[in-house]
Amino acid sequence: MTESTHAKPMPRSLEERLGATLRRFGEGLSPRALRRALADLQAVVDPRISEVEAGRRAADLAQWYATLDADSRRDVWLLMSERFASDAKKIQAARAHFDAAAEGADAGHAEVRLRRALVSPRARLLQRFAVAEPGLRFLVDLRAELLPHLKHDKRLLPLDAELETLFSTWFDVAFLELRRLSWDSPASLIEKLIKYEAVHDIRSWGDLKNRLDSDRRCYGFFHPRLDGDPLIFVEVALTDGMSDCITPLLDETAAAADLSKATTAIFYSISNCQTGLRGVSFGDSLIKRVSETLKEEFPKLKTFATLSPIPGFRAWVTKQVPPEKLAEWEQPLELGAKAPERQELLSWAARYLGKELNDGKPLDPVARFHLGNGARIERLNWAGDPSAKGVKQSFGLMVNYLYDLKRLDKHRTMLSRGEIPMASAISDLYR
């Protein structure tokens, strides 16, 4: 047999499958089911029906979608992405009208025409899915399932972009509710904290109680249409100074701080809860709102800072230094305060956080989040996280990001110019 005899046939396009009779091996929906799904999706955006009827049809489709396997769900994504795009000819004509109108008397009308041409049937389709009560949850979960496929199937990018754009509006902080989560919160909500905690695993109910009681606070953003599921939450410790180690904060047996002497709020864990909302930013608003709320309750609070991991540091520095240098840092917790290896490692960490950019943004993901929110790098902490996880990802180092509420916009402006805001204690380490 020739090599071509064993060649795997090229996957058929969506257009080819819609016009076919039989399903090929490896395809999800059969051509007939694919055509029926397309007709049902088109029925949802039928301009002749009411929003209520459209929502009912969308809800029926969502129930059917829940019964599908992974390949068939992917076919539904492709239908949404490819068959509900904007009309290219209408956009071209509207753009030509807009360009010709320039600043003339018809400019306003031309802009309206262009805006309407750019609104795709896909947007209307997704909006109608959100009409029914579980519809928003359906769309958030759909995008969470979709995201891992984007790298290998670019045909799905328009659907993802449409969802992200809509979510940025629907989940604007103006529509979100800030709630405090405490030990007295419903058990179902407390269990979600355990599920979603992404920074420091909650080891037991005692550990969880320690994070919610006395000198601790936990706040989350909630959307009224997501049935009590948090979007993001932050855990805060109230202390009399800037914390340099996570161990005391997670120690269930440690004595509670005297709240009358608390001057500092340490944000030691921030967890995004909804994968489907990736790219929708509300972390900066959460920290600002929580800081203002705490300030009202504890007027003596002056400092708002994080105690954060440096998750990308070891992987980065491993590419920068020879193996023999890495070997010197293999037992970082055993290095003395004046050990040259220790000072060298701190220097590399300061450079990683304070100098390394990718497309104008900090290389480290946690630094990218906090610096993008307007914080500045304040201090590096040796043995800040002596756990096995902390040593593995950053040789045990942690960092404080300072949130100066009066300088958040200034720091964002600096970052937009490619200048990372930092204290002199950081920049002095690599000069």
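**Exercise 1. Find which helix gives the largest share of the lining of the largest cavity, then describe that cavity.**

Solution. 
- Step 1. Helix α3 gives the largest share, with three residues. The model is a predicted one.
- Step 2. Place the helices. Both α3 (51-65) and α4 (70-82) supply at least two residues of this lining.
- Step 3. The largest cavity is lined by L41, L61, W64, Y65, V76, M80, F129 and F138.
- Step 4. Give the volume. The largest cavity holds about 40 Å³ of space.
- Step 5. Count the cavities. There are two cavities of 30 Å³ or more.

**Exercise 2. Classify the aromatic pairs F167–W170 and W329–F395 by geometry, and say where their residues sit.**

Solution. 
- Step 1. Begin with the total. The whole structure has 12 aromatic pairs.
- Step 2. Take F167 and W170. Their ring centres are 6.1 Å apart and their planes meet at 55 degrees, so this pair is tilted.
- Step 3. F167 and W170 are three residues apart in helix α9 (residues 157-170), so about one helical turn separates them. Both F167 and W170 are buried.
- Step 4. Take W329 and F395. The centres are 5.9 Å apart, with 80 degrees between the planes. Planes over 60 degrees apart count as edge-to-face, and W329–F395 is such a pair.
- Step 5. W329 is in the loop between α15 (323-328) and α16 (340-354). F395 is in the loop between α18 (388-394) and β9 (398-402). The pair therefore ties together parts that are 66 residues apart in sequence. Both W329 and F395 are buried.

**Exercise 3. Name the aromatic cluster that holds F395, and find the charges that sit over the rings of F395 and F222.**

Solution. 
- Step 1. One cluster is formed by F313, W316, W329, W348, Y352 and F395.
- Step 2. Look over the ring of F395. The charged end of R314 sits there, 4.0 Å from the ring centre.
- Step 3. Turn to F222. The charged end of R179 sits over its ring, 4.1 Å from the centre.

**Exercise 4. Work along helix α17: its N-terminal cap, its buried residues, and the residue just after it.**

Solution. 
- Step 1. Start at the N-terminal end. D364 caps α17, with a side-chain oxygen 3.1 Å from the backbone nitrogen of V366.
- Step 2. Find the buried residues. In α17 (residues 365-372) these include V366, A367, H370 and L371.
- Step 3. Check the sides. These residues cover an arc of only 115 degrees around the axis, so they lie on the same side of α17.
- Step 4. Pass the end of the helix. Just after α17, G374 has a positive phi of about 105 degrees.

**Exercise 5. Describe the largest pocket: its volume, its lining, and the elements that contribute.**

Solution. 
- Step 1. The volume of the largest pocket is about 1300 Å³.
- Step 2. The lining has 47 residues. Those nearest the pocket centre are V199, I270, N272, V366 and F369.
- Step 3. Go to the elements. Those giving two or more residues to this lining are β3 (230-239), α12 (246-250), β4 (264-272), α13 (283-297), β7 (361-362), α17 and α18.

**Exercise 6. Give the phi values of D359 and A383, and say how accessible each residue is.**

Solution. 
- Step 1. Recall the background. Most residues other than glycine have a negative phi.
- Step 2. D359 is not a glycine, but its phi is positive, near 55 degrees. D359 lies in the loop between β6 (357-358) and β7. D359 is exposed, at 74% relative accessibility.
- Step 3. A383 also is not a glycine, and its phi is positive at about 55 degrees. A383 lies in the loop between β8 (376-381) and α18. With a relative accessible area of 24%, A383 is partly exposed.

Conventions
Residues are numbered from 1 along each chain as its sequence is written. This is a predicted model: local features need pLDDT of at least 70, side-chain atom pairs count only at pLDDT 80 or more; totals for chains, interfaces and linings use all residues. Side-chain values use heavy atoms; hydrogens and water are left out. Rings of Phe, Tyr and Trp (its six-membered ring) pair if their centres lie within 6.5 Å; planes under 30 degrees apart count as stacked, over 60 as edge-to-face and the rest as tilted. Helices (H or I, at least four residues) and strands (E, at least two) are DSSP runs, numbered from the N terminus. Buried means under 20% relative accessible area, exposed over 50%, partly exposed in between (1.4 Å probe, protein chains only). A charge sits over a ring if NZ of Lys or CZ of Arg is within 6 Å of the ring centre and within 35 degrees of the ring normal. The arc is that of the directions from the helix axis to the C-beta atoms. A polar contact is a pair of N or O atoms within 3.5 Å; within protein, one must be able to donate a hydrogen and the other to accept it, and residues adjacent in sequence count only if both atoms are side-chain atoms. On a 1 Å grid over the protein atoms alone, a cavity is a set of points where a 1.4 Å probe fits but cannot get out, and a pocket is an open set with protein on both sides within 12 Å along at least five of seven lines; lining residues have an atom within 4 Å of a point. Grid points are joined across faces, edges and corners, and a volume is the space filled by probe spheres set on the points.
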